[in-house]
Structure formats: C-alpha cells, structure tokens
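Colleague: I'm new to reading protein models. Could you walk me through one, feature by feature?

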Amino acid sequence: MSKKQTLIVIGNGMVGHNFLETLVASDIKDNYDIVTFCEEQRAAYDRVHLTEFFSGKTAEDLSLVTENFFEGNGIKIYLNDKAVEIDTANKIVTSQQGVAISYDKLVLATGSYAFVPPIAGHDRENCFVYRTIEDLEAMTEAAKTAKVGAVVGGGLLGLEAAKALQDLKLDTHVVQFSPGLMSAQLDDGGAQMLANKIEALGVSVLTSKNTTKIVDGTDCLHKMVFADGTELETDIVLFSVGIRPRDEIARCSGIEVGARGGIVIDDQCKTSDPDIYAIGECAVWKEQTFGLVAPGYSMARTVVADLSEQHAVFEGADMSTKLKLNGVDVASIGDAHAKTAGALIYTYQNGADEIYKRLVVSEDKKKLLGAVLVGDASGYGTLLQYSLNSIDLPEHPDSLILPSRSDESVGLGPDALPDSAQICSCFDVTKGQVCSAIENGCTSLASLKNETKAATGCGGCTALLKSVLDSELEKSGVAVNTDICEHFAHTRRDLYNIVMVEDIKTFDELMDKHGNGGLGCDICRQAIGSILASYWNEYILEKDHLSLQDTNDTFLANMQKDGTYSVVPRMTGGEVTPDGLIAIGQIAKKYKLYTKVTGGQRVDLFGARVDQLPLIWKELIDAGFESGHAYGKSLRTVKSCVGSTWCRYGVDDSVGLAVELENRYKGLRSPHKIKFAVSGCTRECAEAQSKDIGVIATEGGWNLYVCGNGGMKPRHADLFATNLDKDTLIKYIDRVLSFYVRSADRLQRTSVWMENMEGGLDYLKSIVIEDKLGICSSLEEQMQHVVDNYQCEWKTTIADESKLKRFRTFINSDKTDENILFVEERGQIRPATEEEHQHLALSEDA
Amino acid sequence: MTKWIDICSIDDLQANSGVCALVEGKQIAIFYTPQNNTVYAIDNYDPFGKAQVLSRGLIGDIKGEPMIASPLYKQHFSLKTGQCFEDETVKNTVYAIRIENDRVEISLEG
C-alpha cells in the first residue's frame, strides 16, 4: 500500500486555485494530501473582474471558491498566512506564523505584485496600487473625500483603474510615460483612436509624461511634477505601471530566478528543483512572463499532467486580448507592432465612427500575423482564428477589416476551422470538443456552455460558439427546426412580431393568416394566448381567448394533482393587514381549505373544487383582496425584506418599493413566470439575486440585478446597473421585461433567455441602457399599455354571470366530483392517496 | 336502436374547449369545435393523473387528428378513438355524441 504524498501549493490566487480545481478533478487527486497557503485574508477571487467591485459586486460575488471546495476535497488551507521559506534539502515549507510542513511536491503560484516606480513621494498618503480587494477598499475610502484621481500607467490595467476612479465620481486623469496608450498591444494609430474615445468619456489622457516627483499640492493633496516641467494636482495617485513576478521565496531558497526576475521554469513548468513547479505570473518561461490568466491555467494543466506522468508541454501562450474599456472595444492579436520581417500592413480608419483597424500579414499575404481593433472588435473571433490556426487569408486580406457594403459575409465560417482550433481561450475548449458535445446531445447554447464550459469565462467567444453549434446542427441533419409546433412554421418571437405588426387580436385570425388551418394544440394555443395577453392585455376569459388558456389560467386557479385547485390572493410585497389575514383565515376555515405560506410571501389555500372558486373569490374580493396571478405565466410576487422602516440595518424602504413594483407589473403575461425581490441593504435578506428581477438598496441608490433563477438549475442574477434612482430603475425594468416578453422562447425563464442570448449581458445592456436598437421608447410604451389595462381577472369574472357557468362541475347536474377525497393530516386536509381511495371506496360498499 | 340521452343545450358548450357531464354516474368530457360544428365525448378520467380532469384540458389536433391534452401531465388523447398518443397501451373510452335540434345527446352504448 503506498502512502499518500503531500503536495503544497503556495498562493491561492486565480492560477493557484485553478491548479487545485484541475488537480481534484483529475485521477491523481487521491495520491496527495493537499495543503495551500494564502497570504490574503480571502481565498481565491476573480482579479480579472476586480473593477466590478466598484460597480456593486461584493467580495463574495468575485470569489472563485465554490461552496465547500476546500473541506469537500480535503484540502487544508492556511488563510492569512504567508509561506516564507522553503528548505529544499529537507523539503519543508515554513510560514510566517510558524507552520512547518514537509512536502513531496511543491507548486509555487505566488503571482506578481504591482510595481511602484521609485519616484520621490510615491509612498505619500493616498498613493495606491490596483491589485487586491484591500487596495480597492482603501481607494474607496480615500475617494470619499477626494475630487481628483490620477492613474500612472496607460496600459490595460491602468485604463481599467481609470474606470474605477471614474466610477468613484472622481475627475480622472491617465498619465502615460510612453507616447501612446496600451503601448504593448496597440500601434500609434490605434492608440490615438483609443485616447480620443477615452477622452470623450471624460477621462483626460496625458501621454509622454515622466513623473519625477510627487509633492504637496495647493488645491489637492498632491502635486505630480513631470520631466517636461508641467504639473498635475490630484488627491489620489494610483500606480499601474506593470507587474513584477513575486519570486522572493524562490530567491531566498536557492531556486533559480531569471535575470529580470521570475522563477525560471522548463516546458513542464519545473523549476531548477525537480520537485518544485512554478505557474502563473511568478514564473518565467524562455525569458517571458505571462500577465494573463489563460497561460497560467495552461501551466496548471501542464503540471497536473506531469504529476500524472502524462507527457505535457507548456508551449507558451497567445497573448491576444479583447476587452471593453468603459464601453470602448479594444483588441490586439499577435504581432500587432509588425515586428516580423517583411510584414505588410493594412489600415482602416473611420474618423466619423471612431473606428480603427489594422492587419499585419505575412510578406506573401497568405497568413495573418497580427491585428489591432479599436472601436469595433466584432471581427476579433474570426481574425484570431486566422492567426492561431494559420488559415490562408482571402485573396484581398483587407476585406476582413473593410466594412461590408453588401450582405456578403467576409467572416470565417466555422467549417473552415480545424478541430484543433481553440474556441474558448479561458477554458481551452477546442472546436473538436464542442462538436463532440453537440453530437452527444447539447443542441442549445445553454446546454453547450454548461457541458463544455466554453463561453463561461469572459464570454468573448459566445458568437463563435453559437456559429459552430448552428453549423454542426445543420450538417448533422438535425434540421434546426425552430417552428413552435406543427401548426405554425414560426418561432414564438416571429409570432410576437406578426401580432405586433399586423395588429392581430385573436388566435383564429393568426391561424387563418399564418397557421396550417388546423385546431392548433396545447403548445401554440397557450403560446399565442400568452402573446396576445402580453401585447393587448385583454381579459383572458374573453370568448376568443378562453380556449387558449392552459389548465390554470382557464379557471384562474392552480390545479393540483387530484383536480382540485389552490387559491392565492395577492399580498403585494408580502404585506398583509391583521384584518386581511383574519379574513383569509375565516374563508379558508369556511371552505375547509388546506392553508400554507408560500415562498413568495403570501398564503396559498388548497383543496377548492372548481365550483367553489367563484364563491371563495367573491368573499376574498369583498375582504379587499385581488387575484395573485399564481396561476399565470406572469408576474408572481415581489418578495421583500422589512427594509429601513423597521430594520436597524436597512438602507432604503424595500417594502415600499416592492409594493410599488408589484402593483406596476401585476398581471403582466410573459413567456414564463417572473419573480422579483427587493432587499433593503446588501445583507440581501430578500434573496433578490436569485430572482428574474432583483433590486438591492445601497447608499448610492438601487442596484438592479437581472435574470436570476432559483428552481431546478439555480442561476445567480447578473448585476445590470448600479446606484439608480427609482424612475431610472423602473424604466430599466420596463425595458428588460418588455424585451424579454418580445424575444424569449415559449416557457423560457429569463435565466435561460440570458444564457442563450448572443452577446449576453453586455448586449442586453446595450439595448436597455444605450438604446442600441432604438426600441426603448417602444418597449416602455408597451409596458405602459399593460400597466394601464390591468384588471383583477377574478373581479371581472365574478361580475359576469355568463362566465360563471363554466365553473360548474357538471353541465347537467349540481352534484360534485365524488372522486375528490380528503383525509386529515396535522390538523388540515390533504388529498387521499390511491390506497386510501380504494379503502374508502370499499368501506362505502360495505 | 341506439338510446340517446339528452345532456344540455348547444349554448351550454364552450367553443374549442370542454365541459363535463354526469351521465348515469359516469363523468364524460364534452368538447365542441364550432368550425366544423362537431362535438366529441371522452371519459373525463385521466388514467395517468388518476383524476377526473380531461374536460379541463386544451383542445387541438395532431396531424389533423383532433385531440385533448390532459391538464395534469399533458398526455394527448385522440378525441375520435380515445387512443393516447404517448403510450399505445392506454386508450380512454369515447362515446357517441350528436347535436339534434340544438340539443346535445350522448349514447353510452358501445
């Protein structure tokens, strides 16, 4: 029996954590006792999206650690304890707090630190770097009393930091040493275009500025003095001039480090000590360091493979990047600076739309060597594939960057990609892997993402992934049939548009004009019933609509397994008066209904026969209640915590807002049910982040979350917008919901709708916040129409004698359904089981 | 000679939807499609959900065959034969039904 070996990972950053995840998912996980040291007080979090901390994300949101990850996998983590020494001779790691552990294998994932240039005054008060959550917290604190902020460094991270300062409402400057922004990735033309765009967003860009010292300011806390004699006054200085590998533990333990720093590794990521590996930003491979996570993840996979005694080689990494800076698209691929001998350059510059594109191609014009895209990075996926897979360029390479004036597509079809082509660089998913997942039954974008993890990192490859999916489905003959059913050769979205454009008001009319002339079915009737209700919001039991409603809608109650119904009166925001509660209790008692409190903060009454429904509702309406629409694919509830009115911690009136929102959107018919919640502070007692629409109060206003979901496949809602006033909040919700109602598939929750949306959250934001499609006013009008035409369906029904006839159990008798039997349990009724049915029937016979 | 039992007036029916009648102790679901002025009668009992609910299902057709979708678990039954589309071993009873002088009549004879 072999004894377990001990494997220690020093550093629990993104790469260190990815290594742990890869290791515990591998076959060799049981060979090791795993220990990790993390000097920060928090375990791994997403540093790439650190800026989102300022737009409302919390440390928990950014965490990369899944629940129970360390305990569940038997990993011992030492938080807030830095490993300081490696005794390579005796193979012992010692920490700052004196923990000493023997290892068999050691992985260094110590990362990097932000370099602070040795300028006089660099250590003054309110001079920061941009690296950890603690840095950000300190900045936020300082920003409370500051007016001006300056970022030293105009690289990728520097520009992100500038956005952070702007989010903190500071007058923001970027100070760059070299003549252009993002000098590592962009050529002069691209850099100039980027600078124009960044300045248009209100950030001042100062280039060719060599800061010589920082001294006391006159109007601000500091004055930065530049070599050319100019000055800048600022309250906060943020250094973002680059990173340096953290190699001190290797240095003092005799492990080889590079001439310019970094722990030297070979192709297996081994250091000069064969039992010690180094991965991520602390490592230097062939004199290169890699400041992105993807290469770090690739190194992590290499080490796990090497430990598994599989042959694995780290082959460097493509450093192409695409990102959105303050809404500006920027991308750089390969040899952007055209350093390859003989390289040819194509440039497209559009001053009016502020777009800059540059291609660097080989001397024979056959291969793409590099590219720069500013202002429009939509071609990134295609260009990256040309470059990574050495695909032959079209005859006129410039067609790839020139705007297409006709419908001809110049994109690279997914069929042109080899199976080895990398589709998702975050999780290293190849086209071959995607195709085999499709073959194995992943036929939707959502299931494909779930299965392969592709497009779940930065999301940049979503469009490419979708095109591979479509193309594969088409090839495999699974005709991508998006028809809603055999009666209509249209998608739900098409049908919605037809109803809108042709002003169609009934199912029969739609069937006549666009259907197959049949009776329809439970799919199209219901879907069209829902579309008509969403768009026109007429009474759903109107003669023309009655036969379209599913089980629950058609009797305005929820059918249970025995054919009886449950009844749910609306309690907006979960508020109910004592008198209301007493009335409900009395009615439930009178009709002997089983009574239960729901997850949506209201009361559900079970066991009503169809003929009792109007009687029960008459009494509920008399007591002041109205329909809760629990039966509809529509807005259900707006859950709330008690909020600032009573709660010691409340920041705003969550109940008040919940009541207002519920009253606004009640009765809105939609492709699937919709749930809201409003929390009065970030403690989030209302669980708003698991709802379709979630709202959380902050000191600065309301934060809006969208497309969350509890249920079978929970999905955390995405943070959509922050610090909104109430009018803007409602405007955004109007637009998001109207757009969902218009464009979702039938029975598609907002979560799946979002997962399937090409372009995802950013796309939705561009439509709802930036009005990219120019439809916002129409979306708002549509919602206002629904709001203005709200009616309590039960009130309308009770008042109409002719409608009540349907609620009789039998058309030709006053008897009731003898098949409905109840027994008592815990002091209330419940439906009899099949056995009890037989037993009761027998005893009656006797 | 077939014995026809009077149930109700044609005005008591719901267009493209169902009602339930109690006929000699049996619950029978009746559906009415005014397009072709046709009525259908099928046992109200849902053999999957084991409840008397078929009259409250959604009507439609599958490849032209008129059918009813159960409101409980959505199985489809032919309104002409009672055959379940999802499970060939399950068949519900259908009954003869007709409209005579605006009255709806059912026969319980096979």
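Colleague: How many bridges join E4(A) to strand E5 (residues 92-95) of chain A?

Modeller: A bit of background: strands of a sheet pair through backbone hydrogen bonds, either parallel or antiparallel. Here four bridges join E4(A) to E5(A), and the two run antiparallel. Two strands count as paired if DSSP finds at least two bridges between them. Helices (H or I, at least four residues) and strands (E, at least two) are DSSP runs, numbered from the N terminus. One bridge partner to look up is Thr94(A) in E5(A), which goes with Glu85(A).

Before we go on, this is a predicted model: local features need pLDDT of at least 70, side-chain atom pairs count only at pLDDT 80 or more, and totals for chains, interfaces and linings use all residues. Residues are numbered from 1 along each chain as its sequence is written, while chains are lettered from A and ligands numbered from 1 in the order in which they are written.

Colleague: Which strands are at the edges of that sheet?

Modeller: The open sheet has three strands in the order E4-E5-E6 (chain A), with antiparallel pairing. Its edge strands are E4 (83-87) and E6 (100-102) of chain A, each pairing on one side only.

Colleague: How do I check the span of helix H6 of chain A?

Modeller: Take 1.5 Å times one less than its number of residues. For the 13 residues of H6(A), 188-200, that gives 18 Å, and the end C-alpha atoms are 18 Å apart, so the two agree. Just after H6(A), Gly202(A) takes a positive phi of about 95°.

Colleague: Which residues of H6(A) are buried?

Modeller: A residue is buried if 20 or more other C-beta atoms lie within 10 Å of its own, exposed if 12 or fewer, and partly exposed in between, with C-beta atoms placed from the backbone. In H6(A), the buried ones include Gly190(A), Met193(A), Leu194(A) and Ile198(A). The buried residues of H6(A) pack against several elements of chain A, among them helix H5 (156-167) and strand E22 (328-334). Across chain A, buried residues make up 46% of the 846 residues.

Colleague: And what about the two chains: how many residues of chain A are in contact with chain B?

Modeller: Two residues are in contact if their C-beta atoms, placed from the backbone, lie within 7 Å. By that rule, 28 residues of chain A are in contact with 30 residues of chain B. Helices H15 (522-536) and H17 (551-555) of chain A are the elements that give two or more residues to that side of chain A.
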